Amino acid sequence: MSVLALTVLGHDRPGIIAEVTGVLAELGGNLEDSSMTLLRGHFAWTLLVDTEARPEDLESRLSGLRAEGLVVSVLPLPEHRREGETGNAFLLSVYGADRAGIVSAVTRVLADHGGNVTDLTTRLGADLYLLTAEVELPTDADVTALEAQLKSTALTLGVEAHLVPVEPDVL
Amino acid sequence: MSAIVDGRIVMSGLAVGAVLHVVTAPDPVLSTPCVDVDPRDPAVVRLAADLLATQRVSPGCVGLAANQVGINWRVFSLDVSAHPKARTTHGEYVLINPRVEAASRNEKGREGCLSVPDFTGDVKRATRIAVRGWLPASGEEVVIETDAFEARALQHELDHLDGALFLDRVAGAHAVFARKTYL
């Protein structure tokens, strides 16, 4: 078995997920992690499937979706062993008037501090641009310095930026 | 004699318990509502001691419901007194047949669970709560009024007794996360 990465994008309607997973089930594929949302009304789904099927076979089985205008891709994913993460989890929220360069400036600051984005959502509203990100920081990261740099970057961009710890509690 | 002295619950009549195996989802016992029991029943008193013993040896564990050790009884142990997010605490105790009397002021927090080792999730919980229950052995009735982290932990354990996991209460489709660190 090997892992294939599927992406399905396009005009939303009821039944897309049921159709794709129906094909995967017929091929004996095992659905692993996936994430779907609507991006400005467009259906947007990324999923990993463990299957013996060849990418081209899966693609041809999904050709009906292509015919209706959805963008479907099937790519083999190289083996990847998840490394032991020992960082601390933070939630970053950034919002303000939309302008070019918010995401790049803010995520550059994170990267310079060794911060790894593990989950990201950006939304463009009528008057407000919003970014929320889950960030993994190395245990030895200087959080105070990172916060200060995020604040000054936010000031330059005219946006608000807040970084809060979100360590889970085992109950 | 009152069972709450200087804000702490006084536990008495418990022997040293045995450490039990903690079951993990999708074990059906975790999805089954627990049944009320007699707080003076020797088997219930023994379970109370076992829950405390198991909780003490589980790193980072602040509470344990009976169905987490495979027993379908309305009993849980709790001790948040060493937790940095705790404000009011009532020490280390076991409650039998607990029920929520009042709850208010919801707040979101990220929870993990010994019985769900792979995931964490954001869950809204009341930050003020009153819980009525009975103590093992003595059978004394107590009402615990608390806040902050002890309130969250109580609700998490009460959910277990109702056959629910934090996964049943997450704040949305993107509010479940891979658990990164194993305590």
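Q: Terms before anything else: strands (E, at least two residues) and helices (H or I, at least four) are DSSP runs, numbered from the N terminus. What kind of model is this?

A: It's a predicted model, where local features need pLDDT of at least 70 and side-chain atom pairs 80 or more, while totals for chains, interfaces and linings use all residues. Residues count from 1 along each chain as its sequence is written, with chains lettered from A and ligands numbered from 1 in written order.

Q: Ok, chain A. How many helices and strands does it have?

A: Five helices and nine strands. Going along the sequence, the pattern reads β-α-β-β-α-α-β-β-α-β-β-α-β-β.

Q: And which domains does the assignment give?

A: Domain 1 covers 2-76 and domain 2 covers 88-165 of chain A (the bounds come from an automatic or database domain assignment). Their C-alpha centres sit 31 Å apart.

Q: What does the C-alpha trace of chain A span along its principal axes?

A: About 50 × 40 × 30 Å.

Q: Let's take the sheet with S1 to S4. What's the strand order?

A: S2-S3-S1-S4 in chain A, an open sheet with antiparallel pairing. Two strands pair if DSSP finds at least two bridges between them.

Q: Which strands stand at the edges there?

A: S2 (30-39) and S4 (71-76) of chain A; each has a single partner strand, so one side of each lacks a neighbour in the sheet. On average, neighbouring strands of this sheet are turned by 10 degrees against each other, direction ignored. For angles, axes are lines fitted to C-alpha atoms (for helices over the stretch in contact), running from 0 to 180 degrees between N-to-C directions.

Q: How many bridges join S1 to S3 in chain A?

A: Ten, between residues 2-11 of S1 and residues 42-51 of S3, running antiparallel. Within that pairing, Val8(A) has Trp45(A) in S3(A) as its bridge partner.

Q: Where does H1 of chain A lie?

A: H1 (residues 16-26) lies across S1, S2 and S3 of chain A, at about 160 degrees to S2(A).

Q: Now the other sheet of chain A, the one with S5 to S8. What order is that?

A: S6-S7-S5-S8, again open and antiparallel. S6 (116-124) and S8 (159-165) of chain A are the edge strands, each with a single partner, so one side of each has no neighbour in the sheet. The twist averages 15 degrees from one strand to the next.

Q: How many bridges link S5 and S7 there?

A: Nine, joining residues 88-96 and 129-137 of chain A in the antiparallel sense. Leu91(A) is partnered by Glu134(A) in S7(A).

Q: And which strands do the helices touch?

A: H4 (residues 102-112) of chain A packs on the sheet and touches S5, S6, S7 and S8, with its direction about 15 degrees from that of S7(A). H5 (residues 143-157) of chain A packs on the sheet too, touching S5, S7 and S8, and makes about 160 degrees with S8(A). A contact means C-beta atoms, placed from the backbone, within 7 Å.

Q: Switching to chain B: what does S4 pair with?

A: Three bridges join S3 (residues 63-65) of chain B to S4(B), antiparallel, and four bridges pair S4(B) with S5 (residues 93-113) of chain B, also antiparallel.

Technical notes:
Two residues are in contact if their C-beta atoms, placed from the backbone, lie within 7 Å.
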